[in-house]
Each structure stands twice: as structure tokens, then as C-alpha cells.
Amino acid sequence: MRGRSIVLGVIASLALPAIAMAQDAPDVEMGGEAPEEKPADESKPADGQPETPPAIVKDPKVAKKWQQAGATLVKNGDAAAKKNKPDDAKTAYENALTAYANAFAASDDLNFDWDLATINEKLGKLDVSAKYLRTIVTVKTGVKADILKKATAKLDDITTKIAAVTLVVKPEDAAGATVSLAGAELGKAPLKEPLFLMPGTYTFSFTADGYQPKDLEVTVEAGQESERAVELEPIKIIVAKPHEDNDAPVAVVVPKPPSPLPMYVGLGVTGAAVITATITGIMAKSQHDTFVAAGSTGDERLDAKDKGQNLALVTDIAIGTGIAAAGFTAGWYLLKYRPAKKKYAEESSPQLSHAPTMTMVTPWSNGAAGGVAFGGSF
């Protein structure tokens with residue numbers, strides 16, 4: 001009640017010039033004494049500076065004078081309405097609202113809500129009138145019995161001409177959501193009282209921390225009582241993946257050069273076979289010379305024959321091994337190594353400066369002895 005008094009007091013004090021004009025009008029008959037005029041404040045702010053509205057003082061006498069001014073303004077409004085002067089009647093009623101608001105602010109007398117309710121009804125603001133009447137009927141404390149009775153009957157009558165809407169906000173975690181209508185905040189959810197609305201269509205706005213704002217359009221009719229629920233959706237939290245750094249170093253796979261090991265093994269075997277065939281060929285030739293020499297005895301010839309045949313056999317085996325190893329080496333080079341080397345050269349910028357040297361090995365034999373001949377490189 002105290003907060004409401006302050007708000008009404010500030011609003012009313014802003015309209016003091018209009019009240020003064022209404023009170024000074026020739027056709028206004030004031031009952032009782034008019035409020036005393038205060039001397040001019042010499043400490044008034046300079047031109048262009050905002051003035052601070054005077055605070056409403058809690059004083060029954062002041063409240064009585066504002067009540068008298070409000071009653072006179074209501075009479076003037078009724079008279080203007082009978083003369084079919086709606087603009088004059090509206091001005092008088094609005095000034096009367098300000099006067100009764102000041103009266104309430106100076107006294108906190110809930111009975112003035114009846115006057116505020118009746119004036120709003122005259123202005124066609126049935127929804128506002130119903131709010132004042134509901135306050136009287138709900139609080140009751142300090143309200144005169146006749147006013148309580150009249151307020152109850154009037155509220156029953158007005159609610160048949162307006163609508164009552166109860167707004168429910170879901171989920172429960174969204175309690176405390178701000179409810180607004182046409183940009184004006186109505187309160188925080190859950191609203192304790194239903195809203196009185198004139199028949200028509202309204203758009204309510206709901207905002208709450210952690211939830212997406214939402215609007216609810218409501219159409220109401222006279223005498224309708226309804227409950228409207230609105231479901232607020234939580235704000236989705238999206239975790240963004242870290243952006244790829246285009247400037248980050250890129251791992252480069254360096255192709256491996258072909259391995260020459262099989263060729264080296266083939267060359268090694270070929271070389272060993274050549275050397276073996278050469279040595280055993282020379283030894284077989286020596287045994288052959290002993291076998292055909294004129295001065296050789298029978299035993300020497302028999303021994304030279306056996307050894308020469310064995311050495312010749314070893315030579316032939318060595319020659320065969322050398323030929324096979326040389327063939328393998330040449331085939332590996334032509335079919336495996338050289339194509340792999342070419343591909344490696346294409347994938348990597350540096351070119352191989354030279355290829356390994358190959359040696360042509362040619363076997364020979366003259367019947368009694370044999371050997372190998374070395375050719376050039378290629």
C-alpha cells in the first residue's frame with residue numbers, strides 16, 4: 001500500500017496545474033475550504049531545469065480537501081455529459097482521478113478506491129474499474145460496509161462486460177518470467193491475480209533468463225473467464241567445434257626410394273659364382289694339362305682325371321649359379337627397380353643423378369675347361 005501511495009502521489013502531483021485550473025473555473029463550486037496556497041519557493045530551479053514534484057504529505061485534512069475537489073470535478077463531468085460535451089466531461093473526469101489519487105496518497109484510505117472505480121467506469125475503462133473494485137473486495141480491511149457491499153455488486157456487474165484471463169507460464173523453472181502487454185510490464189510469473197481485459201485481442205510477451213522470448217496472442221470475449229498457458233523453450237547451447245588452422249604446418253609424406261638390396265644380393269652372388277668358376281676352371285685346366293702330359297705316369301693321369309672331372313663339375317655349377325644370379329639381377333633391375341625409381345623421381349623433385357652400373361657376364365667353355373667373360377657396363 002505504501003508503494004502504491006508513492007506512485008499515485010507522484011502521478012497526481014504532475015497534474016496539479018490541471019487541478020488548479022479546474023478548481024478556478026467559474027462553474028466549479030467548491031464545498032468547504034480550498035487547499036491553502038503555499039508561498040512561492042525562492043529556491044526554484046533556473047529555467048530549463050526539471051522541477052522536483054512536491055511529496056504528498058500524510059494528512060487527513062489534505063486528503064479531505066482533495067476529496068472535495070475530486071467530488072466537484074465529478075459533478076462538473078456529469079453536467080458536461082448531460083449537455084453532450086464528451087470532451088469536457090472526459091477532462092473533468094481525468095482531473096477528478098488525479099484529485100482522488102492525491103486523496104488516497106495523503107491518507108491510504110481504501111474507500112477512495114470506490115471513487116476511482118466509479119470514475120474509470122464513467123470513462124469507459126471497465127477493466128481498470130474492476131481492478132479497484134477487486135482490491136476493495138479482496139482487502140476489505142478499513143472499507144466501510146456500504147462501500148464494500150456496493151463494490152461487490154458493481155464488480156459482479158462489470159465482470160459480465162469484460163474478461164478475466166489467468167496466465168500460466170511453463171515450465172516451473174521459468175517462474176519469474178517477465179510478463180508484458182504492449183510494452184508495459186504487468187509483473188513476474190506467476191501472476192497472483194487474473195487479468196481484467198476489455199473484449200478484444202491482446203499479445204502478451206514473456207521473457208526469462210535461459211529461455212527464448214515468446215509472444216502469446218489471446219482473444220477474449222465479454223464475461224469470459226479462461227486460463228492460458230505458455231510454454232517457454234530453453235535456449236539451446238551449441239558447442240562450436242574449433243576452427244581448423246589453415247596456417248598450421250601440413251605433414252608431407254616423403255616417398256621412399258626403391259631399395260637396391262635385391263640387386264646388390266644378385267650382384268654379390270653373381271660375383272662369387274664368377275670367382276669360384278674362374279678358380280676351379282684354372283685348377284681343372286691344370287689337371288687337364290697333367291692328364292695329357294707325355295711324362296705323366298698312369299697313377300698321375302688317373303688322379304688328374306678324377307680331380308679334373310670334379311673341378312670341371314664345380315666350375316659348371318658355379319657358372320650356372322652365376323648365370324642365374326645375373327639373370328635375376330638384370331630382371332629385377334628392368335622390371336622392378338627401374339620403374340620404381342622412375343615413379344620416385346616423379347613424386348620427388350630431385351632426380352637421381354645416375355643409376356647403378358651393371359656388368360655383363362658371359363660364360364665360356366672349351367671342352368676341358370671353362371670360365372666367364374666380363375663385359376662392359378650399361
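The model is predicted: local features need pLDDT of at least 70, side-chain atom pairs count only at pLDDT 80 or more, and totals for chains, interfaces and linings use all residues. Residues are numbered from 1 along each chain as its sequence is written, and side-chain values use heavy atoms, with hydrogens and water left out.

**Whole chain**
- The protein chain holds nine helices and nine strands; these are DSSP runs numbered from the N terminus, helices being H or I with at least four residues and strands E with at least two.
- Of its 378 residues, 32% count as buried (under 20% relative accessible area, with exposed over 50% and partly exposed in between; 1.4 Å probe, protein chains only).

**Sheet**
- Three strands form an open sheet in the order S4-S1-S7, with mixed pairing (two strands pair if DSSP finds at least two bridges between them).
- Strands S4 (195–197) and S7 (225–231) are at the edges with a single partner strand each, so one side of each has no neighbour in the sheet.
- Strand S1 (residues 163–170) runs antiparallel to S4, and three bridges join them.
- Ala-163 is opposite Leu-197 in S4.

**Surface patch**
- Leu-261, Tyr-264, Val-265, Leu-267 and Val-269 make a nonpolar surface patch of about 440 Å².
- Patch residues have over 30% relative accessible area and no salt bridge; like charges are joined within 9 Å, and nonpolar side chains (Val, Leu, Ile, Met, Phe, Trp, Tyr) within 5 Å.
- A salt bridge is a side-chain nitrogen of Lys or Arg within 4 Å of a carboxyl oxygen of Asp or Glu.
- Areas come from the Shrake-Rupley method with a 1.4 Å probe; for residues, only the protein chains shown count as cover.
- Leu-267 lies in helix H8 (residues 261–292), and Leu-267 counts as partly exposed because its relative accessibility is 33%.
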